[in-house]
Structures are given as structure tokens and as C-alpha cells.
Amino acid sequence: MGENEPTLYDWAGGEKALTELTEAFYRQVLRDDLLEPLFRGMSPEHPHRVAQWLGEVFGGPKTYTEERGGYPTMLAMHLGKAITEPQRRRWVNLLQDAADEVGLPADPEFRAAFTGYLEWGTRIALANSQPGASPVKQAPVPHWGWGVAPPYLP
Ligand code: HEM
């Protein structure tokens, strides 16, 4: 597809869809036994900021970098949180549930790429959140693409 290949951001429905996604997600997070203790003190802006981060990762505008400071800010928010594997797995599951709830595209190609990023990102977040971790302090915001299964657009 080359230059005509849509970004994951556009395919998902852009900023509006990702904001609906994170709002639905954090509504459930705050009702969840494993995750609520981690998130009970979060800023009301948190869902919107995570939507901005996801948008930037998926090929949308660089608003998280411009408005929040990019990777170092995101990293700092996870340091010392000691995220457990059950919490990580629940986070992934609830975000996938939220994707269904708000009607994000359900085609195999999109969901494979979306879930691939969630697996990758949450495993890094878990590692970086452990006491004594020494993560890379400065890095670019990752840019996630379709991987091996881009949409077939004849
Ligand atoms: C792909 C995986 C993940 C992404 C993209 C992500 C993204 C982010 C971002 C962008 C922030 C900072 C928001 C801001 O600028 O204020 C943040 C904060 C945070 N994240 Fe993550 N995160 C991920 C995984 C996780 C996981 C697995 C957990 C725990 C189970 C977690 C727990 C938190 C907490 C507790 C905060 C701080 C919330 C607050 O007090 O405002 N994150 N995350």
C-alpha cells in the first residue's frame, strides 16, 4: 500500500475515538479490584493524556510530546508503582473490553496491531515500575504500525 497506508490512528477513528476509549477504560479501572488502588488518586486529565499518548504512538499528532513532555513524563508516572503481572494483564483485558464497548474497529489486522502494542507497552511499564529498576531515561515516543498484517485495500 505504501504511501496510501492509513495510520493506526486514522483507522481507529482519530482523537475522538481514542478519547472515548480511554474514558470508558478508566471508568472500569476505577471499579476494578486489582487496578483501583493504583489509580484512585489519578488526575481527572489522565484519560485524555493517555489518549494523546496512544494517538502519538499510533501515528497521530505529537500532542503528548508537545503538551506533556513525551517519553520522560510517561516514564516518570510509572516509576516505583511496582505493577504486578495480574495488574498488567487486567489492564490489557480492560482496555480490550473498552475497545469493544466504544466500537473501535474489530478487524483482525487492527486488533492484532493494537494488542501487540498493549502487550509490548505494558510489559515495559511493569519492568520500569519495579523498585530499583533503572530504565532508559530519554527515548523517543514509539511509533507503532501494522506489522506483518496491514489492511488489504485493493
Ligand atoms: C501500553 C501500556 C501503557 C501505556 C501506553 C501507559 C500510558 C501512561 C501515560 C501516558 C501516563 C502518564 C499520563 C500523564 O501524562 O499524566 C501513565 C500513567 C500511569 N500509568 Fe500507565 N501506561 C501503560 C501501562 C500501565 C500499566 C500496565 C499500569 C498498571 C497496571 C499503569 C499505571 C499507571 C499509573 C498508576 C499512572 C499514573 C496515574 C496518575 O496518577 O495520574 N500503566 N500511563
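**View 1. Helices α7 and α8 lie roughly antiparallel to each other in this predicted model.** Helix α7 covers residues 85-102 and helix α8 covers residues 108-128. The two pack at an angle of about 150°, and their axes are 10 Å apart. Angles over 145 degrees count as roughly antiparallel, and α7 and α8 are therefore described that way. In passing α8, α7 makes a right-handed crossing. On the α7 side, the contact is made by Glu85, Arg88, Trp91, Val92, Leu95, Gln96 and Ala99. On the α8 side, Phe114, Thr115, Leu118, Glu119, Thr122 and Leu126 take part. Sorted by class, this contact has 7 nonpolar, 3 polar and 3 charged residues.

**View 2. Helix α2 packs against α7 with a right-handed crossing.** Helix α2 consists of residues 14-29. The axes of α2 and α7 are 8 Å apart, and the packing angle is about 125°. That angle makes α2 oblique to α7. From α2, the residues in this contact are Ala17, Glu20, Leu21, Ala24, Phe25, Gln28 and Val29. They meet Leu94, Leu95, Asp97, Ala98, Ala99, Glu101 and Val102 in α7. The contact of α2 with α7 has 10 nonpolar residues, 1 polar residue and 3 charged residues. Leu95 and Ala99 of α7 belong to this contact and also to the contact with α8.

**View 3. Helix α2 also crosses α4.** Here the axes come within 8 Å and cross at roughly 135°. As a result, α2 is oblique to α4. The crossing of these two helices is right-handed. Helix α2 contributes Glu15, Leu18, Thr19, Leu21, Thr22, Glu23 and Tyr26 to the contact. Helix α4 contributes His46, Pro47, His48, Val50, Ala51, Leu54 and Gly55. By class, the residues where α2 meets α4 are 7 nonpolar, 5 polar and 2 charged. Leu21 of α2 takes part in this contact and in the contact with α7.

**View 4. The ligand is surrounded by 24 residues.** The closest are Met42, Trp53, Met77, Gly121 and Ala125. Which elements give two or more residues to the shell around the ligand? They are α3 (36-39), α4 (46-57), α6 (71-78), α7 and α8. Of the residues in the shell, 12 are nonpolar, 8 are polar and 4 are charged. Helices α7 and α8, which pack against each other in View 1, are both among the elements listed for this shell.

**View 5. The whole protein has 8 helices and 0 strands.** From the N terminus on, the order of elements is α-α-α-α-α-α-α-α. The radius of gyration is 15 Å, close to the 15 Å that the globule rule gives for 154 residues, so the protein is as compact as a globular protein of that length. Along its principal axes, the C-alpha trace spans about 50 × 35 × 25 Å.

Terms used:
Residues numbered from 1 in each chain as written. Predicted model: local features only at pLDDT ≥ 70, side-chain atom pairs only at ≥ 80, totals over all residues. Axes fitted to C-alpha atoms, helices over the stretch in contact; angles between N-to-C directions. Helix = DSSP H or I, 4+ residues; strand = E, 2+ residues; numbered from the N terminus. Parallel < 35°, antiparallel > 145°, perpendicular 65-115°, else oblique. Left-handed = near helix turned anticlockwise from the far one by under 90°. Contact = placed C-beta atoms within 7 Å. Nonpolar A, V, L, I, M, F, W, Y, C, P; charged D, E, K, R; others polar. Near = placed C-beta within 6 Å. Rg over C-alpha atoms; globule rule 2.2 N^0.38 Å.
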